[in-house]
Amino acid sequence: MGNPTSHVRRSLSWGVIVGCFLLSMILLVLTTSYAASFPGFGLSVSGNSGSAGAKTEQKLTSDHPDAKIKTGEKLQRKPLCDLTQRRADICDMEGDIRVHGNSSSVLFVTSSGLQESYRIQPHPRKGDHAALATVTEVTVRSTTEEEAPKCTTKSRVPAVIFSNGGYMFNFFHDISDALIPLYITSHRFDGEVQFLIRDMLPWWVEKFQPLLKGLSRYDIIDLNQDREVRCYSHVIVGIMFHGDLYIDPTKAGGLTMLDYAAYLRKSLGLKRETAIKLANPDEEKKPRVLIVNRKGTRRFTNVDEIARMVEMSGFQAVISEMHENKSLAEFAQVVNSCDVLLGLHGAGMTNLIFLPTNGILIQIVPLGRMEDVCWINYGAPAVRVKLHYLQYSIRAPESNLIDQFPKDDPVILDPKAVFEKQGSARWVSLYMHRQTVKLDVERFRSVLWHAREIFRQPWN
């Protein structure tokens, strides 16, 4: 038997970030952990770093590259909107601001006579046309007091406007595209902020209500249904994005993903802050291993056998999956009660954010040469919240694809060639949609042994 491909990465050395920008319909099909990168095929992401997702309604004449005033005079203040960020357009305005949800308009009242106008899609997937297809534009423009609609309600707290569109059916994107950016944007207000949601999904708001309440003490407004003219002194259109499952402390006033993890524990009532520690080799305590039991694609076909090997290796095995009838808080409690999260690459790995500090994420990499993307999507985020990370790459006999193709077929031996010669849609179909895994538990045993040894090491 060959040695398993497992390794611990304790620093954020990204190596070569490789990927491919998928066509819009492919992005809708793909389990979108791959929206930011693609497996190690030497291809670079073709992201749009310009102003896709936002449009200005007049030619540019201001010093700001994406904002111009009709009079040709230069703005004496900062432009209403910043369109320079790669993944999100942000309009951060202070003054007399009026929000008319029914007409998707945000009006900045000024007496200067200088006019700015933008059309913003308030979602951090700028340039991703498939995601933005479900995101309604919001018009942000300056106007005069005489032209502005009269306020029907006034608020003393700031407002943040964002969209529920995009990939909100996928837990990775729920967290990475919405909830972390919302935390970055609104944390500074310490609950004194109101959320106005465009394209609001009631089920999404209900599901994540504990986290939304952890950031705002005020009622959420459904902008699609709102007929009021709401007046604020501070409005932010769009939410700030630093990276997938990432907070950049240099841009967030020192906040890190550790702060986000603490906020999750507080909002969801998670009790455990640190994982189990085994004091000596004869310790009888058993760390708990949560085996994420996916349904459909990229699932284990021998999950019971895996659970038995976990138990034989000195752990307590827990098999679970987040079902529709289990609330976010309930499933987060299950994850937090465990010391190890084990599963195949996919959105379920996002649950690492609920593990206690010094826990372990064990990610199983399916056939398809996706080691780099597995590290980028979940390995590096695990390290950021002070987890240990183990990565195990399966061999061809552990994939069901070996039963569908000859052993010397490029599908088995050279996934890179499949991608380059047959295209991304074919690659996605094969390795993401048609693949299941029967884990070689004997080969995997050494990874479990390594994990148990980690719990005997002194904490940093």
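This is a predicted model: local features need pLDDT of at least 70, side-chain atom pairs count only at pLDDT 80 or more; totals for chains, interfaces and linings use all residues.

Me: Let us begin with the whole chain. How many helices and strands does the protein chain have?

Reply: The protein chain has 13 helices and 17 strands. Of its 460 residues, 57% count as buried.

Me: How many disulfides does a search of the whole structure find?

Reply: The search finds 2 disulfides. One of them joins Cys81 to Cys91, with an S to S distance of 2.0 Å. This pair links distant parts of the chain, from Cys81 in strand S3 (residues 81–82) to Cys91 in strand S4 (residues 90–100), 10 residues apart. A disulfide is a pair of cysteine sulfur atoms within 2.5 Å, so the 2.0 Å between Cys81 and Cys91 qualifies.

Me: And between which residues is the other disulfide formed?

Reply: Cys151 and Cys231 form a disulfide, and their sulfur atoms are 1.7 Å apart. The link again connects distant parts of the chain: Cys151 lies in the loop between strand S7 (138–143) and strand S8 (153–154), while Cys231 belongs to strand S12 (residues 229–237), 80 residues apart. When the bonded cysteines are numbered in sequence order, the pairing is 1-2, 3-4.

Me: Is the link of Cys81 and Cys91 right-handed or left-handed?

Reply: The handedness is read from the angle about the S-S bond. The link of Cys81 and Cys91 has 100° about that bond and is right-handed. The link of Cys151 and Cys231 has -100° and is left-handed.

Me: Now to the helices. At what angle do the axes of helix H3 and helix H6 cross?

Reply: A contact of two helices may be read from the approach of the axes, their angle and the residues that meet. The axes of helix H3 (residues 171–186) and helix H6 (residues 257–268) come within 11 Å and cross at roughly 90°. H3 is therefore roughly perpendicular to H6. From H3, the contact is made by Ile175, Leu179, Ile180 and Tyr183, and from H6 by Met257, Asp259, Tyr260 and Tyr263. These residues divide into 7 nonpolar, no polar and 1 charged.

Me: How far apart are the axes where helix H11 and H12 pack?

Reply: The axes of helix H11 (residues 415–422) and H12 are 6 Å apart, and the two helices pack at an angle of about 140°. H11 and H12 are therefore oblique to each other. On the H11 side, Pro415, Val418, Phe419 and Gln422 take part, and they meet Ser424, Arg426, Trp427, Leu430 and Tyr431 in H12. The residues of this contact divide into 6 nonpolar, 2 polar and 1 charged.

Me: By what is a pair of aromatic rings described?

Reply: Such a pair is described by the distance of the centres and the angle of the planes. The structure holds 12 aromatic pairs. In one of them, the rings of Trp204 and Phe208 have their centres 5.1 Å apart and their planes at 50°, so the pair is tilted. Trp204 and Phe208 are both buried. The pair of Trp427 and Tyr431 is tilted as well, because its planes are at 50°, with the centres 5.3 Å apart.

Me: Where do Trp427 and Tyr431 lie?

Reply: Both are in helix H12 (residues 424–433), and because they are 4 residues apart there, about one helical turn separates them. Trp427 is buried at 0% relative accessible area, and Tyr431 also counts as buried at 0%.

Me: Which residues form one aromatic cluster?

Reply: The cluster is formed by Phe171, Trp204, Phe208 and Phe354.

Terms used:
Residues are numbered from 1 along each chain as its sequence is written. Side-chain values use heavy atoms; hydrogens and water are left out. Axes are lines fitted to C-alpha atoms, for helices over the stretch in contact, and angles run from 0 to 180 degrees between N-to-C directions. Angles under 35 degrees count as roughly parallel, over 145 as roughly antiparallel, 65 to 115 as roughly perpendicular and the rest as oblique. Contact means heavy atoms within 4.5 Å. Ala, Val, Leu, Ile, Met, Phe, Trp, Tyr, Cys and Pro count as nonpolar, Asp, Glu, Lys and Arg as charged, and the others, Gly among them, as polar. Rings of Phe, Tyr and Trp (its six-membered ring) pair if their centres lie within 6.5 Å; planes under 30 degrees apart count as stacked, over 60 as edge-to-face and the rest as tilted. Buried means under 20% relative accessible area, exposed over 50%, partly exposed in between (1.4 Å probe, protein chains only).
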